[in-house]
Amino acid sequence: MPERLSFHIKRDSALHHLNPLTKLLLVLTLILTAFLAPFYWTPHILAVLFIPLLSMLGKVGREYFSTAIRLILPAATFLFAMQAFFQPVGEEIIFEFYFLDITRESFLFAFSNAMRIVVMVSAFTIFLLTTHPSELMSDLTRRGLPGQFAYVIISTLQILPQMQAKAQTIISAQRSRGLETEGGFFKRAGALVPLIGPLVFGSLVEVEERAIAIEARGFTSKHVKTSLHEIPDTSTDKLLRWFLTALILASIGLRIWLS
Amino acid sequence: MAFVNFQNVTYKYPLTKTPVLKNINLQVNEGEFIAVMGPNGAGKSTLCYALAGFVPHFFKGEISGEIEVDGKKSSESTLDEWVLNVGLAFQNPFNQISGAKYTVFEEIAFGLENIGVPRNEMKDRVDEAMALTGIRDLADRSPYSLSGGQQQRVALTSILVMRPRLLVLDEPTSQMDPIGTREVFGVVRKMAEEGMTVVMVEHKVEWIAHFADRVIALNEGQVLMEGKPNEVLTADLLPEKGFGISRYTSVARQAQQQGLWKQKQLPVTLFEAAEGFTSKGGGGSN
Ligand SMILES: Nc1ncnc2c1ncn2[C@@H]1O[C@H](COP(=O)(O)OP(=O)(O)O)[C@@H](O)[C@H]1O
Ligand SMILES: [Mg+2]
């Protein structure tokens with residue numbers, strides 16, 4: 001079974017000490033700026049300069065770069081190729097490959113779009129690397145997100161890998177009783193039917209027991225909840241949130257004004 | 001007045017045709033450690049749920065009679081108030097993991113967060129509870145990465161940390177090895193000495209004989225017998241009704257029929273059996 005189910009890496013950095021909501025707002029600002037700012041080079045500068053600096057500020061540079069190389073860059077490259085080849089804009093052909101061609105316009109368009117995606121995914125990656133999931137949830141609950149709602153999100157994130165492991169166990173068990181789980185599509189789809197019973201029925205019983213277990217630990221208590229982890233929320237956080245909000249408004253404003 | 005008081009409690013789940021608990025009368029004193037045993041389907045888990053307020057508040061169904069803990073009536077209370085006094089840990093440890101926490105330490109703190117315990121006190125209480133059940137070294141592990149026995153210890157600790165007045169445990173050692181089982185019984189005994197009232201469903205008769213103050217044998221939703229561990233656990237009635245009993249009791253009963261066991265009382269533990277067979281004026285010497 002997986003020992004670590006979250007991306008979070010415990011380090012002592014400026015980013016780690018920011019309030020989760022501030023970081024969430026930072027992510028939102030980065031994405032909106034990358035998509036809305038009216039200057040062509042904005043997403044590029046954010047992706048190659050700002051994001052790496054941010055990851056180093058959070059002392060998660062190594063983890064970020066490894067994710068970027070293994071996941072983000074291949075995805076962005078694929079996206080770039082698709083858009084560059086199949087975007088029917090522009091006249092000036094700069095690259096030809098049999099029936100495929102790239103024009104100057106489609107190249108520039110695809111390139112900045114790929115960069116926007118890089119900014120978006122990277123911002124989220126750094127957010128997840130520097131934010132403890134329980135901390136995020138406690139903070140959002142403190143700000144008025146219903147406790148049940150937060151619980152559903154976070155427990156789903158945790159329980160999914162468990163469900164997967166369980167499905168695998170059931171599959172092995174059924175297979176050892178002679179069930180076909182390999183072969184053609186229909187054969188395999190048919191083989192799923194006997195798995196549904198144990199998985200769904202098992203889950204219903206589990207859900208009932210889990211409800212009892214968390215209820216027994218005061219989940220619906222009317223007391224004001226406290227939190228094990230101290231959640232930072234300094235005056236720097238508040239200042240930063242004002243600043244980020246202003247930035248978001250500015251990029252929206254500029255966009256409208258210039259168009 | 002007893003700390004726990006069941007008066008003529010009869011209960012039926014919404015989906016069952018006949019009652020699962022039938023006219024149960026039960027008194028438990030404060031600080032008493034009671035073991036409940038019985039065959040599968042006897043209603044042991046249902047009894048636990050009734051003690052912990054989930055029957056009827058969570059399961060609904062039809063209930064009659066009166067359940068009282070610490071002078072408060074279950075029928076006049078709400079579940080979220082009731083659980084502050086009565087802690088419940090049940091058999092399947094996997095389903096007791098909240099799923100909202102990433103480490104064992106956080107998992108144990110979950111209940112304290114819910115009832116608004118201040119942070120510093122919370123940390124002290126979690127540390128103390130983990131030391132008590134011997135799981136300090138698991139503090140930073142993911143609860144999902146643990147063995148069944150370790151998860152059962154975490155489930156027990158998660159309830160102990162809330163300091164309930166009445167502790168209800170439904171087969172809390174089912175996935176533990178003998179060492180773990182012994183430690184859990186030891187912890188429970190200690191809590192009882194300190195004034196916590198304990199009702200524990202268990203099959204491991206030798207440990208019951210050694211640690212519990214009183215045993216209740218439940219069969220088909222009714223109290224079949226109750227009394228001192230050695231009286232109940234050696235009664236002829238139990239094997240007739242399909243209860244699991246100690247092998248030492250079985251051996252001694254056979255020996256008794258052959259005239260080889262000469263003590264008045266049948267043994268439950270190995271120690272009692274050895275004593276009985278070898279002591280003067282009895283035993284198997286001829
Ligand atoms: N949620 C439920 N709904 C309906 N019937 C139940 C439910 N839980 C248990 N029962 C039934 O109640 C009886 C007693 O069950 P239980 O208290 O779990 O016994 P034990 O723990 O002694 O094995 C069984 O016949 C069982 O099928
Ligand atoms: Mg049971």
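**Aromatic pairs.** I began with the rings and found 19 aromatic pairs over all chains. For the count, rings of Phe, Tyr and Trp (its six-membered ring) pair if their centres lie within 6.5 Å; planes under 30 degrees apart are stacked, over 60 edge-to-face, and the rest tilted. I picked out Phe80(A) and Phe111(A), an edge-to-face pair with 6.1 Å centre to centre and 85° between the planes. Phe80(A) sits in helix α3 (residues 61-86) of chain A and Phe111(A) in helix α4 (residues 104-130) of chain A, so this pair ties together parts 31 residues apart in sequence. Helices (H or I, at least four residues) and strands (E, at least two) are DSSP runs, numbered from the N terminus.

**Ground rules.** I noted that this is a predicted model, in which local features need pLDDT of at least 70 and side-chain atom pairs count only at pLDDT 80 or more, while totals for chains, interfaces and linings use all residues. Residues are numbered from 1 along each chain as its sequence is written, chains are lettered from A and ligands numbered from 1 in the order in which they are written, and side-chain values use heavy atoms, with hydrogens and water left out.

**Salt bridges.** Next I asked for salt bridges (a side-chain nitrogen of Lys or Arg within 4 Å of a carboxyl oxygen of Asp or Glu). The structure holds 22 of them over all chains. In one of these, Arg11(A) meets Glu63(A), with the closest N and O atoms 2.9 Å apart. This pair links distant parts of the chain: Arg11(A) is in the segment before α1 (20-36) of chain A, and Glu63(A) is in helix α3 of chain A, 52 residues away.

**Where the chains meet.** How many residues are in contact between chain A and chain B? I get 38 residues of chain A against 44 residues of chain B, with contact meaning heavy atoms within 4.5 Å. The buried area is about 3700 Å², and carbon and sulfur atoms give 56% of that. Buried area here is the accessible area (1.4 Å probe) that two parts lose on being put together, summed over both.

The rule finds 3 salt bridges across this interface. I also looked at Glu107(B) and Arg217(A), whose side chains meet in a salt bridge at 2.9 Å, N to O. On chain A, helices α5 (133-142), α6 (147-176) and α7 (185-216) each supply at least two residues of the side that touches chain B. α7(A) gives the most, with 10 residues. That side of chain A divides into 15 nonpolar, 13 polar and 10 charged residues.

I traced an open sheet of 4 strands in the order β2-β1-β4-β5 (chain B), with antiparallel pairing. Two strands pair if DSSP finds at least two bridges between them. The edge strands are β2 (21-28) and β5 of chain B, each pairing on one side only. Strands β1 (residues 4-12) and β4 (residues 62-69) of chain B are antiparallel over 7 bridges, and Tyr11(B) has Ile63(B) as its bridge partner in β4(B). Between β4(B) and β5 (residues 72-73) of chain B I find 2 bridges, with Glu68(B) partnered by Lys73(B).

Most residues other than glycine have a negative phi, and most peptide bonds are trans. I still listed these exceptions:
- Asp70(B), in the hairpin of β4(B) and β5(B), takes a positive phi near 55°.
- Glu171(B) has a positive phi of about 45° and lies in the loop between β7 (166-170) and α7 (178-193) of chain B.
- Val55(B) and Pro56(B) are joined by a cis peptide bond, omega about 5°; Pro56(B) is in helix α2 (residues 54-57) of chain B.

Terms used:
Nonpolar A, V, L, I, M, F, W, Y, C, P; charged D, E, K, R; others polar.
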